[in-house]
Amino acid sequence: MLKERTNTLALEQPLSLLSRIQWIQSFLVLGLHACGLLGLWFAPRAVDLALFFGLYLATTFAIGIGYHRLLAHRGFVAPQWLRRLLAWVGAAALQGGPARWTRIHRRHHQLTDKQGDPHSPLKGFFHAHMGWIMCVDAEEGSDYRELVPDVSGQDPWVRVLDRGVLFTLPWFLTGIFCYAVAGWRGVLWGTVLRTLALWHFTWCINSVCHVWGTRPNQTRDESRNVWWLGLLTLGEGWHNNHHARPAAAMHGWRWYQVDFSGYVIRLLARLGIISNVVRPPRVN
Ligand SMILES: [Zn+2]
Ligand SMILES: [Zn+2]
């Protein structure tokens, strides 16, 4: 009887592990890394580097300014055309649709480094960095658009990005663009390797920025400021500041905390394109 029960448990465990795998995302993550290895053989030409850096800047700004500061935290108010533009260019970073991204990120802020945080390093550095993406989300199967109705509202141009795998459409369009400009090597550098670079730097915010770095604000979590990630992610590396005041549209609070996304937001506000910008606290 006991032996029978042990066998049943042994069968159950691998099955439950399999059922916890998010297959579509695991396939994308592992497949893209495999494709990225081609970069070892095909060195970039000038045009490939231009595509890499151009699209890296566009998608990193769209994730930081659009997905994160506008949609997830409502750090400012933007006209419809700009919300759509940021949502579509953000989706080209291949990090899921805006409603799903927002819902998971808001849960991170609600339960930071506690039970229920989707990507806390308390479950291990690898889990926080990329392991969590390959696992089924706690709310998988829900219509994320209904869970965060403020993100896409009734706008079909934003809603479509959270329908099935349609969030991949803008990313495929960048692939077609790179192919038209520079052929397959352009796709390799401008789409595959550019996406991998942004993935890992974004993931470092969840892993590195909750393990190493400075904590000028005494938040009730493990968030840290990491200056070099601040540069690479155009401002997201000031993560301890961000956890201290999540709605603030600027993550760099001091003159030396370089926050390119914050500078763009200031410029857009000055030009009158956006309004109701949530300012950071005054610091000495
Ligand atoms: Zn965090
Ligand atoms: Zn946030």
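The model is predicted, so local features need pLDDT of at least 70 and side-chain atom pairs count only at pLDDT 80 or more, while totals for chains, interfaces and linings use all residues. Residues are numbered from 1 along each chain as its sequence is written, chains are lettered from A and ligands numbered from 1 in the order in which they are written, and side-chain values use heavy atoms, with hydrogens and water left out.

**Helix 2**

Helices (H or I, at least four residues) are DSSP runs, numbered from the N terminus. Helix 2 covers residues 23-36, and its 14 residues should span 20 Å at 1.5 Å a residue, which agrees with the 20 Å between its end C-alpha atoms. The expected span is 1.5 Å times one less than the number of residues.

Burial is judged by relative accessible area: buried is under 20%, exposed over 50% and partly exposed in between (1.4 Å probe, protein chains only). Gln25, Ser26, Val29, Leu32 and Gly36 are the buried residues of helix 2. Viewed down the helix axis they fall within an arc of 150 degrees, so they line one face of the helix; the arc is that of the directions from the helix axis to the C-beta atoms. These buried residues pack against helix 5 (98-110) and helix 10 (169-206). Trp23, Phe27 and Leu30, on the other side of helix 2, are exposed.

At the start of helix 2, the backbone nitrogen of Ile24 has a side-chain oxygen of Gln22 within 3.3 Å. Such a polar contact is a pair of N or O atoms within 3.5 Å; within protein, one must be able to donate a hydrogen and the other to accept it, and residues adjacent in sequence count only if both atoms are side-chain atoms. Ile24 is partly exposed at 46%, and its C-alpha lies 8.6 Å from that of Val165, 141 residues apart in sequence.

In helix 10, Thr195 is buried with a relative accessible area of 1%. Apart from neighbours within four places in sequence, Thr195 is in contact (heavy atoms within 4.5 Å) with Leu32, Ala93, Leu94 and Trp171.

His105 is buried at 8%, and His109 is buried at 19%. Leaving out residues up to four places away in sequence, His109 touches His68, His73, His242, His243 and Pro246.

**Aromatic pairs**

Rings of Phe, Tyr and Trp (its six-membered ring) pair if their centres lie within 6.5 Å; planes under 30 degrees apart count as stacked, over 60 as edge-to-face and the rest as tilted.

| Pair | Centre to centre | Angle between planes | Class |
|---|---|---|---|
| Phe52 and Phe53 | 5.1 Å | 80 degrees | edge-to-face |
| Trp88 and Trp157 | 5.8 Å | 55 degrees | tilted |

Trp88 in helix 4 (residues 80-91) and Trp157 in helix 9 (residues 156-159) are 69 residues apart, so that this pair links distant parts of the chain. Trp157 is partly exposed at 48%. Phe52 is buried at 13%, whereas Phe53 is partly exposed at 48%. Ring pairs link Phe52, Phe53, Tyr56, Trp189 and Phe201 into a cluster.

Definitions and conventions. Helices (H or I, at least four residues) and strands (E, at least two) are DSSP runs, numbered from the N terminus.
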